[in-house]
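Subject: Handover of a structure, with notes

Hello,

Please find the structure below, with notes on what was found in it. Could you read them with the structure open beside you?

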Amino acid sequence: MTESSRSQFLSLHLIETLAAVLPVRDENAQPKTLVFGGVERHMITSQARRRAERVHARNRANAGRGALKERSMGVRTREWALLAARELENAHGWDRDRALVTARTVLEGTGLKFGDPKKKTVADLTKVLIFAPSDAGARIAHHIADRAAEVEEWRDAYLKAQALAEAARKTRRGAKKKTAAPPEAEEEATTEAATTVALPPLPKATRDAVLLALAPRDAVDIALYGRFLAEVPDSPNVDGAVQTGHAFTVHESEQIEDFYAAADDAKLERKRNALDFLDAADDAGAGMTGYQSLISGTFYRHAVLDRTQLRTNLQAAGMDTAEAEKVASEAEKEFVISFVEAFPEAKKNSTASTGSLPALVLAFEGERPYNYASAFQKPIDEGPLSAGGEGPAGPAAVRRLLRHHTFVSRRRDDLRTARVLTYDPEIDLLLGELELPESLSVVERAEDLTP
């Protein structure tokens with residue numbers, strides 16, 4: 001199927017049931033929630049979902065698996081100075097201090113802001129996460145090493161001017177304190193001191209090299225998910241091709257506070273070897289106790305791929321039309337697989353949450369995005385059918401989603417090539433009982449969800 005015969009948007013809809021998990025939490029370590037349809041629902045944020053999908057695709061590509069194997073992928077981190085410094089050490093033989101100071105100063109000279117230099121934990125980290133191709137650190141290091149004399153001469157001049165500016169700032173601040181100046185005057189004096197001592201600009205060739213290294217280039221996941229870097233105005237931003245909604249439970253939220261007791265191995269060993277009951281009593285009790293919040297429920301989640309935006313992003317990165325078409329088709333397949341298989345890893349060891357598989361995935365094309373959240377505005381009543389309920393939430397949610405899609409597809413001519421996938425044998429039987437549109441087909445592999 002050629003691009004001209006395909007619709008612009010690929011809509012994905014998924015129903016999944018999770019038991020005793022905590023994929024995301026708020027600042028109080030509580031499950032995230034939203035109110036929808038008059039009741040509180042549990043929520044798995046789009047940020048958590050997108051990161052899980054992006055990392056899943058990147059790991060597969062880096063391991064030589066999947067449609068994007070051997071394609072360039074991105075890394076989102078605050079540690080580009082550290083990565084460039086490590087490359088200067090390992091590949092170019094620089095000592096650690098020289099490498100780190102140079103890499104950090106070059107990035108700062110480009111316009112990036114770093115953490116408080118008085119705090120060792122953040123001094124060499126950029127203030128914001130930067131999503132850039134994985135080889136950006138190596139490219140920056142290679143340029144620095146090639147122009148070592150010029151870059152280090154600039155670095156020394158920059159650091160000297162920076163130190164003079166800081167000294168002037170402290171002098172002015174002290175003088176203002178003696179005269180009991182108001183806070184706004186102190187702030188004005190600090191700004192004036194910073195501009196009095198001019199910092200030498202980074203050599204143009206070096207600045208261009210850093211901007212090119214940090215540019216999206218051919219990193220496929222940046223073309224898919226986009227990036228925004230405000231600190232360097234002339235570093236290109238990317239409007240992502242993927243739109244992701246927050247996942248939410250199709251019924252009212254259900255939460256438990258799980259009390260746990262952790263054993264102290266050394267204490268138990270002493271207790272086993274105690275000479276009398278008094279020694280054993282001293283070692284009674286758990287080593288640590290606490291509570292953790294866990295949630296269970298059936299979730300609806302949704303995402304959209306804008307095929308036109310994806311191809312635009314790839315061509316903006318320098319690909320010709322034929323190459324962009326090929327890479328976009330590969331990226332679409334990998335995006336669909338990641339949407340189906342990836343899962344946030346919070347609490348994965350204690351809840352085995354990453355082993356979950358969806359009850360149903362619905363994929364279809366259209367000339368606009370389609371969000372079916374309204375199908376679940378009325379929370380599902382899991383009571384027995386005989387009492388007016390809808391039965392278990394999983395099958396009930398599948399019935400609602402497919403009924404909603406069937407209803408919409410009769411009124412929208414642009415909907416086509418709908419496919420469904422299930423990993424649940426009970427849902428597979430249910431699909432045989434439902435009246436589905438003729439345009440909808442059942443597939444058995446995630447790869448077959450996209451034409």
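About 270 Å³ of space lies in the second largest pocket. Its lining has 14 residues, and A52, V55, H56, F343 and E345 are the ones closest to the centre. This is a predicted model, in which local features need pLDDT of at least 70 and side-chain atom pairs count only at pLDDT 80 or more, while totals for chains, interfaces and linings use all residues. Residues are numbered from 1 along each chain as its sequence is written, and side-chain values use heavy atoms, with hydrogens and water left out.

Pockets

A pocket is found on a 1 Å grid over the protein atoms alone, as an open set of points where a 1.4 Å probe fits, with protein on both sides within 12 Å along at least five of seven lines; a lining residue has an atom within 4 Å of a point. The volume is the space filled by probe spheres set on the points, which are joined across faces, edges and corners.

Helix α1 (residues 46–62) gives the most to the lining of the second largest pocket, namely seven residues. Helices (H or I, at least four residues) and strands (E, at least two) are DSSP runs, numbered from the N terminus. By class, the lining of the second largest pocket has six nonpolar, three polar and five charged residues. Here Ala, Val, Leu, Ile, Met, Phe, Trp, Tyr, Cys and Pro count as nonpolar, Asp, Glu, Lys and Arg as charged, and the others, Gly among them, as polar.

The largest pocket holds about 680 Å³ of space. Its lining is made of 20 residues, and E108, P117, Q162, E166 and R169 lie nearest the centre. Both α3 (96–110) and α5 (148–178) supply at least two residues of this lining, and α5 gives the most, with six. The lining of the largest pocket divides into eight nonpolar, three polar and nine charged residues.

Q162, which belongs to helix α5, is partly exposed at a relative accessible area of 28%.

The nonpolar core

A nonpolar core is a set of buried Ala, Val, Leu, Ile, Met, Phe, Trp, Tyr and Cys residues joined through side-chain atoms within 4.5 Å. The largest one has 33 residues, and those with the most contacts inside it are L224, L305, L310, L314, F335 and L449. Two or more residues come from each of β1 (9–21), α1, α8 (220–225), β9 (288–306), α11 (307–316), α12 (321–341) and β10 (360–366). Of these, α12 gives the most, with nine residues.

Aromatic rings

How many aromatic pairs does the structure hold? There are eight. Rings of Phe, Tyr and Trp (its six-membered ring) pair if their centres lie within 6.5 Å; planes under 30 degrees apart are stacked, over 60 edge-to-face, and the rest tilted.

One of the pairs is F36 with F248, which is edge-to-face at 5.3 Å centre to centre and 70 degrees between the planes. F36 lies in strand β2 (residues 33–36) and F248 in strand β7 (residues 247–249), so this pair ties together parts that are 212 residues apart in sequence. F36 is partly exposed, with a relative accessible area of 21%, whereas F248 is buried, at 6%. The rings of F364 and Y370 also pair: their centres are 6.0 Å apart and their planes stand at 55 degrees, so this pair is tilted. F364 and Y370 are both buried. One aromatic cluster is formed by F36, F248, Y300 and F376.

R368 lies over the face of Y370, at 5.0 Å from the ring centre. A charge sits over a ring if NZ of Lys or CZ of Arg is within 6 Å of the ring centre and within 35 degrees of the ring normal. The charged end of R54 is likewise placed over the ring of F131, 4.9 Å from its centre. R54 is part of helix α1 and is buried, with a relative accessible area of 6%. From R54 to E334 the C-alpha distance is 9.7 Å, although 280 residues separate them in sequence.

Backbone

Two alanines have a positive phi. A20 has a phi near 50 degrees; A20 is in strand β1 and is partly exposed, with a relative accessible area of 30%. A352 has a phi of about 55 degrees. A352 sits in the loop between α13 (348–351) and β10 and is exposed, at 56%.

Regards

Terms used. Buried < 20%, exposed > 50% of the residue type's maximum accessible area, 1.4 Å probe, protein only.
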